[in-house]
Amino acid sequence: MSKSQIDQRTAEGGKLTLFRKPHPKTGVVLNNWYCTIKLERGQPRTRISCQSSDYETALSFARKEMFRRQSLLEQGLSPVIKSFKHIASDFLVKMRTEVIKGSQSKANIDYYERVINNTLIPFFGNKNIQSINSLLIDEYDNYRINKRSPITGNVVKNTTLNRESVVLRKILQFSKDRGFVVSTPKIKTLKEVMSNRPALSKEAWESFNKFLRIWCNDLPKDDDNNIRDTLTNYYREALRDYVQFLCYTGLRCGECSVIKYKDVSYQADQNNNKYAVINVRAEEIGARKTGSRKAIGLDKYIETIIKRRKKASGFNGDNDYIFAHPIERIPSRLQGTRIKSFKKSFNNAVYEWSKYDTKLGTTEINGERITLGMWRHQYAHFRLSLAKVDIYHLAISLGHSVSVCEKYYSHSRPEQFGGELGRLIDTNP
């Protein structure tokens, strides 16, 4: 008899062993009975609490649990019941193993982990994995649709919800493969709403760019005409360069904030037209949405921006961030680290621009508030409407699929898409 098992009693031909056990710290024998269940050869013994101090009641509970587990085993299912939370945890362990093997990217598992912890577990949590059926999935759909972003407070978009449902589907399939469920319930795919991405006109962009240059110097000055608040001036100049960098490269805000000087190089085509190549490394949080890629920027503008940043920040090594906190920054631990967000100063700039230029200045485009993320769409708009870039090459630079690029930006060059449709219509059978 084990020292941890007192007053052992067997039943059902040795399949059940009921016992009491002492408290692990005090050594006092606990009142409730416990039981180990042995179903068949090859199946490990499992220990359960019988949840009663009366032997007959405990034995009845143990028998019911044994019969229930035998029934699951006969259906080809695992006799061990696990919660969604436990299955999700096992799924992440498997994913991490695949990262080590190289069959999954770290960015992928980071995303899965966020969805599991922030969205799936709050709803499913301790629910039995076998209880997750179509009815519960419908309840979850309503929960997802009504869920608002903790950051913006906006309703989560269908595209985001569909990506989250992929994670749920994989976890349920994982539980099926491990024998915890017979089948997986169907998960609906919500219709994706593709809308035109807003962009400023060429004149409005030039107006805003001009305002940013004026705004940098629009600060109180001393008797020698020098700006007193040099730190605010630094961040305003950095914002101006940041907006231009977004507009001339098409990067996402997160991607732009982690770009280092070593990530920018210059090349020329067969006609000796120079252009900048930006290496989106996707190694840091904020730059992992589409993985590593090469983005193309306008050579002379990117080169000018980099020269200004190197001169202003005091950090100009290959491994330094282009948009970094300056050497004068307090506390000192922030010096040279990347500026994570320009959101607040950008919103102030847009508001001041709307007052400065009463004709072109605005805070909204077609009812949508102007945000930093809009400059990526501005890049696409200008490449299509002014530079006449092929939409396939634009999609590669943006990290989009061609179909998504067409749906988002076809309004920027409608004559191209209309012409293609017209040729199809006019073709003789």
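## A walk through a predicted model

Proline 331 is found in the loop between helix H9 (299-313) and helix H10, where helices (H or I, at least four residues) and strands (E, at least two) are DSSP runs numbered from the N terminus. The peptide bond that joins isoleucine 330 to proline 331 is cis, with omega at about 5°. This is a predicted model, in which local features need pLDDT of at least 70 and side-chain atom pairs count only at pLDDT 80 or more, while totals for chains, interfaces and linings use all residues. Residues are numbered from 1 along each chain as its sequence is written, and side-chain values use heavy atoms, with hydrogens and water left out.

The protein contains 14 helices and 9 strands. Of its 429 residues, 41% count as buried, where buried means under 20% relative accessible area, exposed over 50%, and partly exposed in between (1.4 Å probe, protein chains only). Among contacts (heavy atoms within 4.5 Å) with a separation of 6 or more, 55% are between residues 24 or more positions apart.

The confidence of the predictor is given for each residue as pLDDT, from 0 to 100; the mean for the protein is 82, and 83% of the residues reach 70 or more. Confidence is highest in helix H10 (residues 343-356), at a mean of 94, and lowest in helix H14 (residues 414-426), at 38. Over residues 413-429 the pLDDT is below 50, and this stretch has 8 contacts in the model beyond near neighbours in sequence.

Helix H5 (residues 158-177) packs against helix H2 (residues 84-101) at an angle of about 95°, with the axes 10 Å apart; axes are lines fitted to C-alpha atoms, for helices over the stretch in contact, and angles run from 0 to 180 degrees between N-to-C directions. That angle makes H2 roughly perpendicular to H5, since angles under 35 degrees count as roughly parallel, over 145 as roughly antiparallel, 65 to 115 as roughly perpendicular and the rest as oblique. The residues of this contact of H2 with H5 comprise 7 nonpolar, 1 polar and 3 charged, where Ala, Val, Leu, Ile, Met, Phe, Trp, Tyr, Cys and Pro count as nonpolar, Asp, Glu, Lys and Arg as charged, and the others, Gly among them, as polar. On the H2 side they include Phe84, Ile87 and Phe91, which meet residues of H5 including Leu168, Ile171 and Phe174.

Helix H3 (residues 106-124) also packs with H5, at an angle of about 80° and with the axes 10 Å apart, and H3 and H5 are therefore roughly perpendicular to each other. Among the residues making this contact are Tyr111, Tyr112 and Val115 of H3 and Val166, Val167 and Leu168 of H5. The contact of H3 with H5 divides into 10 nonpolar, 2 polar and 3 charged residues.

The structure holds 0 disulfides, a disulfide being a pair of cysteine sulfur atoms within 2.5 Å. For cysteine 35, the nearest cysteine sulfur is that of cysteine 50, 4.9 Å away, and cysteine 35 is buried, with a relative accessible area of 0%.
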